[in-house]
Amino acid sequence: STQSTGFHSTLSLDIMLLKFVSSRESFQSVHVRCRNPTNYFSFLNDTIHNRSRWISTSTTLSIDSEIDIPPSLSFLNFSSSPSFKEPNFTLIIDSLRPNQRAIALSLPNKDLIFYNFIIQQCASYLRDLPKVIKVFESMRHNNIQPDIKIYNTLVHIHAIKGLFTEARHIMNIMSQRGIPPDTATYNCFISAYVSKKNWKELSAVKEEMKKKGISHNVASYSSLINRYTRRRESDKLEAVLREMKEANVPGDYRHYYSLVRYHMTVNEDSKAFELVSEMKQKKVDIDVDFYNLFLKQYGIRGQVEEANKIFQLMEKDNVNPISMSYYYLVMAYAKAASNRRNIQLEVQQQQQQQPDVTEDTFNPELILEEMKQRGVSPNTYIYSHIVQHYVRNNDVVGALNFFKTIKKDQEKPSVFCYQELLKGFVDRGELKDAMKVFQQMRYDDVLPIADMYNYVMRQFVKAKDYESVNVLAHQMYFLDGVEPNKATNRLKEAENNEKKKFA
């Protein structure tokens with residue numbers, strides 16, 4: 001049957017009838033629906049190369065096929081009906097992250113780019129299969145034909161949900177509708193099989209790609225590299241990297257990020273810096289998150305000098321530090337102070353001469369001033385680690401003075417700052433001053449946490465000062481409204497046991 005209205009003509013009929021079309025009219029668009037994919041592809045090939053007289057050079061060909069589809073994928077054969085209800089795109093967009101929401105609102109309403117983005121977010125970020133299906137049906141309702149990105153997203157969401165049979169069906173439907181699967185399609189299976197630890201199917205997929213002549217790209221290896229680096233499986237990681245090198249697949253940012261994180265975690269700093277040099281040679285962008293990988297490990301280890309060198313390197317490469325960068329720097333100073341203190345305690349216990357400890361060069365005011373000049377606001381963790389640094393250097397007076405600095409900047413110290421200060425008093429045996437920390441928190445309208453009470457209670461239990469334990473427990477529950485946790489209950493049990501022994 002044919003329908004013609006001026007310049008807009010459509011054609012929709014069985015493939016066998018299409019061969020007998022003898023009309024001399026030149027159609028602007030042709031919609032093909034077939035039941036036999038083999039005949040369909042043969043005919044489409046002839047049409048494209050020979051250009052039948054009823055198809056002009058400007059004719060648009062669209063593809064559809066009536067094939068056997070399982071009930072769970074019936075939405076792929078969607079046909080519009082008057083009862084169809086559009087999904088609430090406002091609610092979907094509101095559920096996205098702020099930057100994604102901004103992108104969605106900036107896109108043209110309900111075109112292919114819009115649907116591509118929304119379906120991608122519903123699949124990758126929300127992982128909501130019903131929403132993906134509703135958005136896909138909306139797209140078909142608005143006569144927008146899905147492209148390979150849409151189909152790949154459908155494969156991806158089904159694969160990560162463990163619906164591999166349905167994902168395979170979608171891939172077959174793609175082929176039958178004239179959209180052959182590409183590397184990205186198979187990568188959906190690779191990442192899903194890696195996360196499900198299905199190594200047998202993973203090998204089968206890689207073999208299938210090889211037979212079909214579909215080459216791997218860096219994304220094909222990224223999921224494996226990410227897994228092996230996190231699990232520290234060095235042998236398997238080396239095998240993947242060798243395979244990647246033999247296939248001449250260049251690395252990308254994600255690839256290098258995983259490797260640098262791995263080498264820094266296992267204390268192979270030299271290999272991590274070799275990768276940075278390689279990235280610069282290959283002109284792969286290095287951003288602040290990448291440098292933070294180094295700063296995080298130096299912070300954990302307490303390597304202050306190395307952390308400062310990273311800041312110098314960032315300045316040289318015109319990369320601006322962010323709040324977390326300074327947090328890791330402060331963490332390094334605090335950890336270094338803790339390490340020095342542990343050495344001193346160990347030496348004192350052995351009754352030997354104290355070692356020559358490097359003089360503390362940490363100046364928090366300078367770091368905070370530098371952050372302000374760069375327009376970076378200090379966060380709660382930075383303040384708490386500065387307090388921790390003073391406490392671990394046995395400088396409680398310095399910690400108290402820093403509290404004044406925080407308040408001068410019109411900031412309220414967080415509960416973690418008070419926790420570190422309280423630990424400092426307790427470790428020095430100044431339990432009365434530790435109790436005053438709770439009073440100051442009430443004055444500053446900061447609610448303590450159960451672990452702070454537990455830390456003080458533990459000292460009272462050791463000193464067999466059970467009256468103070470009960471007073472503190474009463475304040476904890478009735479004055480501050482803090483619920484006891486498991487550690488609190490264990491301390492109370494220890495108190496009762498000590499009482500029985502004493503009796």
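## Close-up views of a predicted model

**View A. Packing around helix H5.** In this predicted model, the buried residues of H5 pack against helix H3 (89–94), helix H4 (98–106), helix H6 (129–141) and helix H7 (148–160). Those buried positions are Phe 114, Tyr 115, Asn 116, Phe 117, Ile 118, Ile 119, Gln 121, Cys 122 and Ala 123. Helix H5 covers residues 112–124, and at 1.5 Å a residue its 13 residues should span 18 Å; the end C-alpha atoms lie 18 Å apart, which agrees with that expectation.

View B. Across the whole structure, a search finds 19 aromatic pairs. One of them joins Phe 114 and Tyr 115 in an edge-to-face arrangement, with 5.6 Å from centre to centre and 75° between the planes. Phe 114 and Tyr 115 are both buried. Elsewhere, a cluster linked by ring pairs contains Tyr 327, Tyr 328, Tyr 381 and Phe 416.

**View C. Charged side chains over aromatic rings.** Arg 168 places its charged end over the ring of Phe 189, at 5.0 Å from the ring's centre. Lys 423 is found over the face of Tyr 455, with a distance of 5.8 Å to the ring centre.

**View D. Surroundings of Glu 137.** Glu 137 belongs to helix H6. Although buried, Glu 137 has no salt bridge, and the nearest side chain of opposite charge is that of Lys 134, 4.0 Å away. When neighbours within four places in sequence are left aside, the contacts of Glu 137 are with Phe 75, Phe 78 and Phe 84.

Methods
Residues numbered from 1 in each chain as written. Predicted model: local features only at pLDDT ≥ 70, side-chain atom pairs only at ≥ 80, totals over all residues. Heavy atoms only, no water. Helix = DSSP H or I, 4+ residues; strand = E, 2+ residues; numbered from the N terminus. Expected span 1.5 Å × (residues − 1). Buried < 20%, exposed > 50% of the residue type's maximum accessible area, 1.4 Å probe, protein only. Contact = heavy atoms within 4.5 Å. Phe/Tyr/Trp six-rings, centres within 6.5 Å; stacked < 30°, edge-to-face > 60°. Lys NZ or Arg CZ within 6 Å of the ring centre and 35° of its normal. Lys, Arg positive; Asp, Glu negative; His and termini not counted.
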